[in-house]
Amino acid sequence: MEIENTLHRFLQNLDMLKYSKHFSDNGYDNIDDIINLTAVDLQNILIIDETDTKTILDAAAVYEESPDVKIKCWLLSKNLNLYADRLGENGIHTLEQVVDLEINDDKIYEKLGIKLAGHRRRFERAVLDLRRKRCLDEEPETPVAYGYWAKPEDLSDAQNEFLCIQAKAKSPFNDHLTRNLEFMVDSGSDVSTLQREIIDSLQLKSVSTVESKGIHSASREKDLYNVYLQLGKESLDIDVIEENYNSLGNKILRQFRHYINGSRHIWLSGHRQHTSTNEEELKEPSAATPPSSSALSTSQPPQP
């Protein structure tokens, strides 16, 4: 079996097969054993020549096995190696692919031939361990911006708090025209909005019109304005319509990744694209009933 030849290939490439029995008799027989070798380990198995020790340790420090062998070694370490061929048959050749498996999907286990309940649970735990290791190996990410729960000033009479974010709106026509604003986060709406007073102060110009339809109102034509938005360290070119509150809709939210808890909303970098509105009809929250039913714009959970 390929996995059993890992130690043999490692020593053969170094022209050190003379030490094969030293390793195998002491249980050093897989990838993890090789890459974690130390000088003390070699001394304990009676490899004492200084030149050979340095050669082995230098090679172990940069040792990299093929992705397929890594998977086989991982499965062997979990006593799940009987499923190695099935992973390969389903196009799974790297541990990165294993980490991304939908382990709550029954179809995955059918494809991999994992029928025993105990083996399924063991496979789930093994994948979760890989995910935790990947998280620990990744460098900490700097958030783009921080949001919070509050009642926006323009919705101070609202019954509940909303997710909000501070951002700067800038005129596309005049670099000196800027406004620091508080925006309500509204994932239930396709559009972002600005109050008429803000639109006028930034001297925004209508670039087109769109048919806007509220949840409880008939479709109506509205002017569409282009504005620059500075959200933390990110600059966006967005389209807005007039409303009596300032809000960021889901077209903006989808450009980022989000972490939300009972006290704050962390905005993380994502795949961004131009957020201009070009749909013929947009979903607009009713002005009479500020949005509060969307996934992000829910009221704050009660604090203990």
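Biologist: What is the mean pLDDT of the protein chain?
Modeller: This is a predicted model, and local features here need pLDDT of at least 70, while side-chain atom pairs count only at 80 or more and totals for chains, interfaces and linings use all residues. The score itself is the predictor's confidence in each residue, from 0 to 100. In this protein chain, 83% of the residues reach 70 or more, and the mean is 82.

Biologist: How many helices and strands does the protein chain have?
Modeller: Helices (H or I, at least four residues) and strands (E, at least two) are DSSP runs, numbered from the N terminus. Residues are numbered from 1 along each chain as its sequence is written, and side-chain values use heavy atoms, with hydrogens and water left out. For the protein chain, the totals are twelve helices and eleven strands.

Biologist: Which element has the lowest confidence?
Modeller: Let's look at both ends of the scale. Helix 11 (residues 196–201) has the highest confidence in the protein chain, at 96. Over residues 272–304, pLDDT stays under 50.

Biologist: How many contacts beyond four places in sequence does the model have for residues 272–304?
Modeller: A contact means heavy atoms within 4.5 Å. Read these with care, as pLDDT stays under 50 over this stretch. The model's count of such contacts for residues 272–304 is 94.

Biologist: Do strand 2 and strand 3 run parallel or antiparallel?
Modeller: Two strands pair if DSSP finds at least two bridges between them. Strand 2 (residues 162–170) and strand 3 (residues 178–186) are joined by seven. As a landmark, find Cys 164, which stands opposite Met 184 in strand 3. The two strands run antiparallel.

Biologist: Which residue in strand 8 is the bridge partner of Val 185?
Modeller: Strand 3 is also joined to strand 8 (residues 247–249), this time by three bridges, and these two run parallel. In strand 8, the partner of Val 185 is Leu 248.

Biologist: Which residues of helix 6 are buried?
Modeller: Buried means under 20% relative accessible area, exposed over 50%, and partly exposed in between (1.4 Å probe, protein chains only). Across the 304 residues of the protein chain, buried ones make up 40%. In helix 6, they are Val 69, Ile 71, Lys 72, Cys 73, Trp 74 and Leu 75.

Biologist: Which residue just after helix 6 takes a positive phi?
Modeller: Follow the chain just past the end of helix 6. There, a phi of about 55° belongs to Asn 79.
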